[in-house]
Amino acid sequence: MTDRDYNQCVDNYSDGLYRFILHNMRDEEEAKDVVQDTFEKMWVKHKDVDAKKAKSYLFTTGYHTMLDRIKKKKRSTPMETANYNMHSHTEQYSDASEVIRNAVNKLPEVQRSVIMLRDYEGYSYAEIADITNLTIAQVKIYIYRARVFLKEYLVSVNTVI
């Protein structure tokens, strides 16, 4: 990859990568840090990265960098503060996009990541499997489970009211 290819990757993929990371981490500053770390890692290896596979490299690296940060944060979270009622919902919403965003945020981390890569970013099952280091069967299962949860959550009367 040349310097020009790298700069073009920054222009083409930084926003999509940021949206993907932000949607999973729900912290703007952390998401910006992950994106910056991802592009830094790509710059260090830019001579070894094929320009045609740069998007896949960025999302794979970004995904793993995000997981590392999340794991590091979880180590410091006491068990008493864990949210055991993450699937319960008591707030009232009138904006459909906000309801959908909140529903996606209630998904477990892996399901949220694969559903975002598939439905928001448009990756194929094989590409998602490469990015997340899961098998294609696992990706399909996680996407199915996420969609079932979202369907049940979104048709719930309590969610819409």
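This is a predicted model: local features need pLDDT of at least 70, side-chain atom pairs count only at pLDDT 80 or more; totals for chains, interfaces and linings use all residues.
A residue is called buried here when its relative accessible area is under 20%.

**Helix H5 and its surroundings**

Helix H5 covers residues 109-120, twelve residues in total. From first C-alpha to last, H5 reaches 15 Å, close to the 16 Å expected at 1.5 Å a residue. Which residues of H5 are buried? They are Glu109, Gln111, Arg112, Ser113, Val114, Ile115, Met116 and Leu117. Their packing partners are helix H1 (3-25), H3, helix H4 (96-105), helix H6 (125-132) and helix H7 (136-155). After H5 comes glycine 122, and its phi is positive, near 80°.

The structure holds five aromatic pairs. In one of them, the ring centres of tyrosine 6 and phenylalanine 39 are 6.3 Å apart with the planes at 85°, so the pair is edge-to-face. Tyrosine 6 belongs to helix H1 and phenylalanine 39 to helix H2 (residues 28-44), so this pair ties together parts that are 33 residues apart in sequence.

Tyrosine 6 also pairs with tryptophan 43: their ring centres lie 4.9 Å apart and their planes stand at 65°, which makes this pair edge-to-face. Here too distant parts of the chain are linked, with tyrosine 6 in helix H1 and tryptophan 43 in helix H2, 37 residues apart. Taken together, Tyr6, Phe39 and Trp43 form one aromatic cluster.

| Residue | Relative accessibility | Class |
|---|---|---|
| Tyrosine 6 | 11% | buried |
| Phenylalanine 39 | 7% | buried |
| Tryptophan 43 | 38% | partly exposed |
| Threonine 65 | 5% | buried |

Tryptophan 43 is partly exposed because its 38% falls between the cut-offs of 20% and 50%.

**Threonine 65 in H3**

Threonine 65 has its place in helix H3 (residues 54-75). Why does threonine 65 count as buried? Its relative accessible area is 5%, and buried means under 20%. Leaving aside residues up to four places away in sequence, threonine 65 touches Val34, Asp37, Thr38 and Lys41.

**Charges over tyrosine 125**

Finally, have a look at the ring of tyrosine 125. The charged end of arginine 118 sits over this ring, 4.2 Å from its centre. The charged end of lysine 140 sits over the ring of tyrosine 125 as well, at 5.5 Å from its centre.

Definitions and conventions. Residues are numbered from 1 along each chain as its sequence is written. Side-chain values use heavy atoms; hydrogens and water are left out. Helices (H or I, at least four residues) and strands (E, at least two) are DSSP runs, numbered from the N terminus. Buried means under 20% relative accessible area, exposed over 50%, partly exposed in between (1.4 Å probe, protein chains only). Contact means heavy atoms within 4.5 Å. The expected span of a helix is 1.5 Å times one less than its number of residues. Rings of Phe, Tyr and Trp (its six-membered ring) pair if their centres lie within 6.5 Å; planes under 30 degrees apart count as stacked, over 60 as edge-to-face and the rest as tilted. A charge sits over a ring if NZ of Lys or CZ of Arg is within 6 Å of the ring centre and within 35 degrees of the ring normal.
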